[in-house]
Amino acid sequence: MRSARSVTTFAAGAASILALTVASLGAPAMAMQQAAPEGVAQAPSAPAAPQPLSESVAAVVNDDIISSYDLMQRMRLLMATSGMQPTQENLPQIEQEALRSLIDERLQMQELKRVEKQQKITIISTDKEVEEQIGDIAQSNRLQPEQLKQQLVAQGIGLDTWRAQLRAESSWQSWIQGRYGSRLRIGEDQIKAYQRRLADAAAKPQYQISEVFLDAARVGGMEVAVNGATQLINQMQQGAPFAAVARQFSGSATAANGGEVGWVSQGEMPTEVDAALEQLRPGQLSRPIQVKDGVYIIYLRDKRAGSKTAIVDLKQVAAPLAADATEAQIAAATKQLVDLKPKITSCQSLEATAAKVDGLVAGDLGEAEITDLAPAFQEAANKLEIGQISDPIRTDAGLHLIAVCGKRQGGANAPTHDQIENRLRGQQLALIAKRYLRDLRNQATIETR
């Protein structure tokens, strides 16, 4: 628990933050992105600098002290970069998130320093690299670096506070990417499974969404998560940018992208979220959506009707027959194909296996939209999963076994093979980073006061 001295210091600091905001009322809060900024509001005239606070210990992380000054500075930075305006109701949530982020960064930097020493390599971003980041952020906001720095200083934020956050974030991402990125392999089976899910969902309504997810275990319980989500929604309704809030508060892997999920179909999100999406209109923000492990806030950007367009990659084995073939001829060809079917173990082996049977012709039909196939082939292509083979299908040309070797969503909005691979890689790296940090927390001695 926080000591009596710390409570007094925090109250004074909170009053300072409120006073700082009141002094700048009428000007929008700065909503700055760290990786891909959306825009920075013009800085208000510089308010009177807050009075210095007596420092106390807010937390200790493996003997590394986080002072009350560190905490207040991070709270100011969090509000400046998320566009949130402090109120008596949301200050506890802002303080909690600021302290969590400071603790996580201390753990990350301690681990990086340990690895640097152990492996004699350089991981932590240099001062020059941090300044280059600041330059990129300023350029994205159509500002000079000094202008951007002045905006932060005008809001009572020390530049060292911002530099420390940028250094920790970039260094940790570089380490995770360097250590695991080259080892991570996304298999063709994973990509095809993803394509199959998209194809199966193509006929369903689709939603373009962004998300904020508050992990109940991380924030201190379900009730805290629900109350926190309510506060965040209130702030976004008053103008705080969704993307900026997501970066600072969301516990989802999409936080780094401002909460952007992209297009989803029914079944891809928890059932509670699916139910909420059905009630939302584009441009609307959801109420807190409680699921088993936390709370979602969903912003519906767009909605579109499902499409029947799905593309399949087919191979076939055919027994040529005339349209007026006798029943005996049909029966003999049917037996050939039925006997052959269990011997075909994969699309790759189909042609070689069929070549061993006299009178059969095998070949690659390539990719085609399901709607362009003959009716009998359409039915088989819709029912079969990738790698499955149909029963014999009768056409005017003969009898056919159809093998589905691939299935993906069609249309202009369908992601490419490389986009799917990059998306899956990013998801796996985000999970690795999350588990890594969780293990560091479990092994650490963390004391909050």
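**Close-up views of a predicted model**

**View 1. The second largest pocket holds about 320 Å³ of space.** Of the 15 residues lining this pocket, L102, E105, R106, D160 and A164 sit closest to its centre.

**View 2. What kinds of residues line the second largest pocket?** Sort the lining by residue class and you get 8 charged, 5 nonpolar and 2 polar residues. Two of the charged ones, E105 and R106, are among the residues closest to the pocket centre.

**View 3. A disulfide ties C347 to C405, with the sulfurs 2.0 Å apart.** The count for this model comes to 1 disulfide. Here the pair bridges distant parts of the chain, 58 residues apart: C347 belongs to helix α13 (residues 347–354), while C405 belongs to strand β10 (residues 398–409). Looking along the link itself, the angle about the S-S bond is -100°, which is left-handed.

**View 4. Helix α10 (residues 242–249) is mostly covered.** How many of the 8 residues in α10 are buried? The tally is 7, and going along the helix they are F242, A243, A244, V245, A246, Q248 and F249. Buried is meant here as under 20% relative accessible area.

Key: Residues numbered from 1 in each chain as written. Predicted model: local features only at pLDDT ≥ 70, side-chain atom pairs only at ≥ 80, totals over all residues. Heavy atoms only, no water. 1 Å grid on protein atoms, 1.4 Å probe; cavity = no way out; pocket = protein on both sides within 12 Å on 5 of 7 lines; lining within 4 Å. Points joined across faces, edges and corners; volume = space filled by probe spheres on them. Disulfide = S-S within 2.5 Å. Helix = DSSP H or I, 4+ residues; strand = E, 2+ residues; numbered from the N terminus. Buried < 20%, exposed > 50% of the residue type's maximum accessible area, 1.4 Å probe, protein only.
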